[in-house]
Amino acid sequence: PGGILLDDPAEAASIGAARRRVKGGGNLPVARGIRATFRDDASAEDASFMVEMEGTFSAPLCRTHLTVGLSTMDIKGLLHKATRYTTMMTVASLVQVFALIKQMEASATPAASTRVSLATIGMQAVMDSYLCLAHLTLGIAVQAVFNAFATAAFFQFIIFSIFEMRYMLSIWKARFPEAFSMGWESMRRALSILYSRFYSSLLVGMVLIYNLQNRVTLLLIILYSIWVPQIFLNTYNDHRRAPLLPSYVLIMSFTRLLVPLYFLGCPENFLHVKPARGPLVGVVIWVLLQLVVLYSQSLFGARWFIPRRFLPEKYDYFRWVDPSAKRDLAPPADPAAPAAAAPAVAAPGP
């Protein structure tokens, strides 16, 4: 690798960055220590930049000190990383489709659909819609990887617009069957309510992401609280049987964690996002905690973590009876009731 070092202010003046006196007094910054490094031995597999430049600009009278770093990107390596990322997301989307189909088949009856939280499925649909929009935007911005990002965006569009919306519709229909049996107007009104709530959640989520863009940990915890509504519904209705398949819960949890794992845990991601171990560990622990609570509800009951004094009274159909106690189970005779007449006996004939 070669390099160029400019430390002399006179040499910096030759490139137009020297100190100049302006009208009315004052000084412009001086360029000091401009270093250019040419990485001609870097390959597309292990290097993200081919040329790096570092420089320092200072203005003593203004008490300003500025360090500048410039670099050229390795387009070939960047496209290779982006292609591998889109391949990973496409495979994850296909796995999510199969898991979602199995879950829909397992809860096809109205009784099973009512035990599934509508907010849990809706939050996943909102996340998939955001990922679809982000991948499509990246594909439009970088034409070289448009096909790869468009493929990932297409599968995520299929997930939230067809499968998850259909699942939410079946849950809504199971909870409000009268709205779908009173004619076309009533059914159209129910569909408009469902879709308006979904798109309102999209808008609220965008505002939330914009306001919490500097608080990554809090934002990730809110976005990945997808199983909290299901835990609340199980506790509120005291569901003895888990409405969600264990395979569906595990697959959806780990495949949705791929995005923060890639951007916050991989230092060689294609967007050059700096790894953030704190938010990454926080969101992984939060998702694992939700999985543990869901699994414990299926083992010990939906309300095992609530103290008994806060639970409502429930009728016990299996009361304990002392076998040593002698009780007359026959009803007592009423003394006011008239005595039963003796049956008449016919006299014998001659």
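T86 is buried, with a relative accessible area of 3%; buried here means under 20%, exposed means over 50%, and partly exposed is in between, using a 1.4 Å probe and protein chains only. You'll find T86 in helix α2, which covers residues 75-106. Helices are DSSP runs of H or I with at least four residues, strands are runs of E with at least two, and both are numbered from the N terminus. Setting aside residues up to four places away in sequence, T86 touches A148, F149 and A152, where a contact means heavy atoms within 4.5 Å.

A word on what you're looking at: this is a predicted model, in which local features need pLDDT of at least 70 and side-chain atom pairs count only at pLDDT 80 or more, while totals for chains, interfaces and linings use all residues. Residues are numbered from 1 along each chain as its sequence is written, and side-chain values use heavy atoms, with hydrogens and water left out.

Now look at Y85. Leaving aside neighbours within four places in sequence, Y85 is in contact with H135, F149, V259, Y262, F263 and F270. In the largest nonpolar core, which has 55 residues, Y85, F198, Y224, W227, Y248 and F270 touch the most other members. Such a core is a set of buried Ala, Val, Leu, Ile, Met, Phe, Trp, Tyr and Cys residues joined through side-chain atoms within 4.5 Å. Helices α2, α4, α5 (146-175), α6 (184-211), α9, α10 (258-265) and α11 (277-300) each supply at least two residues of this core, and α5 gives the most, with twelve. In soluble globular proteins, nonpolar side chains tend to be buried together.

The largest cavity holds about 60 Å³; a cavity is a set of points on a 1 Å grid over the protein atoms alone where a 1.4 Å probe fits but cannot get out, and lining residues have an atom within 4 Å of a point. Its volume is the space filled by probe spheres set on the points, which are joined across faces, edges and corners. Helix α2 turns up again here, giving the most to the lining of the largest cavity with four residues, while α2, α4 (118-141) and α9 (246-256) each supply at least two.

Finally, step back. The protein chain has eleven helices and four strands, and 33% of its 350 residues count as buried.

Terms used
1 Å grid on protein atoms, 1.4 Å probe; cavity = no way out; pocket = protein on both sides within 12 Å on 5 of 7 lines; lining within 4 Å.
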